[in-house]
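Have the viewer open and follow along.

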Amino acid sequence: MFQKIRWGSRRSSMFYTWVEVDLWLMGACLLLTVFAGIMIRSVELNQGLTDWWQHWVTGAIGLTLALIFSRCRYERLIQWKWVIYGITNLSLVAVQIIGTTALGAQRWINIAGFHVQPSEFAKVGIIITLAALLQELKNPNLRDMIRILAIAAVPWGLVFIEPNLGTSLVFGAITLGMMYWGNIHPGWLILLLSPVITAIIFNVYLPAGIVWVVLMGFVGWWSLPWRWLTGPLALLVNLGAGELSHILWNVLQDYQKMRLIGFLNPEQDPLGSGYHLIQSRIAIGAGQLYGRGLNHGTQTQLNFIPEQHTDFIFSAIGEELGLIGCIAVLAIFWFICLRLVIIAQTAKDSFGSLIAIGVLCMLLFQVFVNIGMNIGIAPVTGIPLPFLSYGRSSLLSNWIAIGIVQSVANYRQKLNL
């Protein structure tokens, strides 16, 4: 690494501030950003748009910010946790007051002609806040978990009412992942998710739902205090969630039901809720093994897929670069996740470790859901693909998150990884 540099003292001291920066992680994120510009240019080739080079400019700014953050000591963020939390919530409140509306949601604030999406930066803010709080807990109890959930619920609720279901789900993934890494009892986390899972299973296959409810009763008995009371209570709560889901499902209109389950059978509404999924699957399937070639995808070049440079950029990769290109992208994401896990495991304190895990949960969940909706195994939620989807706020927030993680790596003890 940089320790081997033997130039003049001034130049070597300048690079010494990045001695332990994870160059593999930085390089993988930079590779995705550069590759994204190429793919965005391909999908916009016949439209005369300039989003591709704007993506590169935003990426350059993000890289610069990441390098700056990597030189700053991340431990100082602990004393600023409530300031960061306050700014995060105030920015989300400001969206409700002065925000601009697009695509049926009020998510952006116009600053000097640029549309800034505070919910993207709020993800980084909640990671820092939760990491600072969780690192204080030595033996977390049920009251600690409820306190963490209450703190995370404020920005989550502000994002949800924009409405922005996709980003609110990311908040949930970050919170659950960080609580697990922060030694919150895994049984409590399972019980926290169980009513939602119960509601889904009850409407898919009732016998499996009954088995799940009984299992949750056992988990409550095993993990909660006053087990002979809380075990049956966990069973009753899940049973109630299952019954309530039937009632709520019957209240919904047909078009609302179609939006929720359209991804299971998009052919039922091929020109409506299923259109994106059908066209995306056609594009990915048309790519076969090696793809049709850059700038030669029929679905891509003829604009059959809406929002292709943002939410559905993966379908363009599948059509033009084929299975090989998709596997290469997945391999890079896997490598990024691997480096984040290594940094979390080798961090010098729990605060740095929790930050790395929070960023891991944020990126991994977005990759899973975005690619899932592109190939038709998840509903369309508007979650961008990290570093690849066009979106200045999203790209900048991802780079800022990586920069803070690089600070964790930069100020750990020297290890051979």
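Helices are DSSP runs of at least four residues, numbered from the N terminus. Please keep in mind that the model is predicted.

Helices α2 (23–43) and α3 (51–71) each contribute at least two residues to the patch, and α3 gives the most, with 4 residues. Leu294 sits in the loop between α12 (275–287) and α13 (298–301). Its relative accessible area is 34%, so Leu294 counts as partly exposed.

## The second largest pocket

How much space lies in the second largest pocket? The volume comes to about 310 Å³. Two or more lining residues come from each of α4 (81–98), α5 (118–134) and α16. The lining has 15 residues, and those nearest the centre of the pocket are Ile84, Thr88, Phe121, Val124 and Gly125. Helix α5 supplies the largest share of this lining, with 6 residues.

## Helix α16

Helix α16 covers residues 392–410, and its geometry makes a handy check. At 1.5 Å a residue, its 19 residues should span 27 Å. The C-alpha atoms at its ends are 26 Å apart, which agrees with that expectation. Is α16 mostly covered or mostly open? It is mostly covered, as 18 of its 19 residues are buried.

## Salt bridges

Side chains of opposite charge can pair when their charged atoms come close. The structure holds 5 salt bridges, and some of them are worth a visit.

Begin with Arg73, which forms a salt bridge with Glu75, where the closest N and O atoms are 3.2 Å apart. Glu75 also meets Lys348 in a salt bridge, at 2.5 Å from N to O. Together, Arg73, Glu75 and Lys348 are linked in a network of salt bridges. Arg73 is partly exposed, with a relative accessible area of 31%, and Lys348 is partly exposed too, at 38%.

An α-helix has 3.6 residues a turn, so residues three or four places apart point the same way. Are the two partners buried or exposed? The cut-off for buried is under 20% relative accessible area. Glu120, at 3% relative accessibility, therefore counts as buried, and Lys123 counts as buried at 1%.

## A contact across the chain

For a last stop, find Phe351 in helix α15. Phe351 is buried, with a relative accessible area of 1%. Its C-alpha atom is separated by 8.7 Å from that of Leu133, although Phe351 and Leu133 are 218 residues apart along the chain.

How values were computed:
Residues are numbered from 1 along each chain as its sequence is written. This is a predicted model: local features need pLDDT of at least 70, side-chain atom pairs count only at pLDDT 80 or more; totals for chains, interfaces and linings use all residues. Side-chain values use heavy atoms; hydrogens and water are left out. The expected span of a helix is 1.5 Å times one less than its number of residues. Buried means under 20% relative accessible area, exposed over 50%, partly exposed in between (1.4 Å probe, protein chains only). On a 1 Å grid over the protein atoms alone, a cavity is a set of points where a 1.4 Å probe fits but cannot get out, and a pocket is an open set with protein on both sides within 12 Å along at least five of seven lines; lining residues have an atom within 4 Å of a point. Grid points are joined across faces, edges and corners, and a volume is the space filled by probe spheres set on the points. A salt bridge is a side-chain nitrogen of Lys or Arg within 4 Å of a carboxyl oxygen of Asp or Glu.
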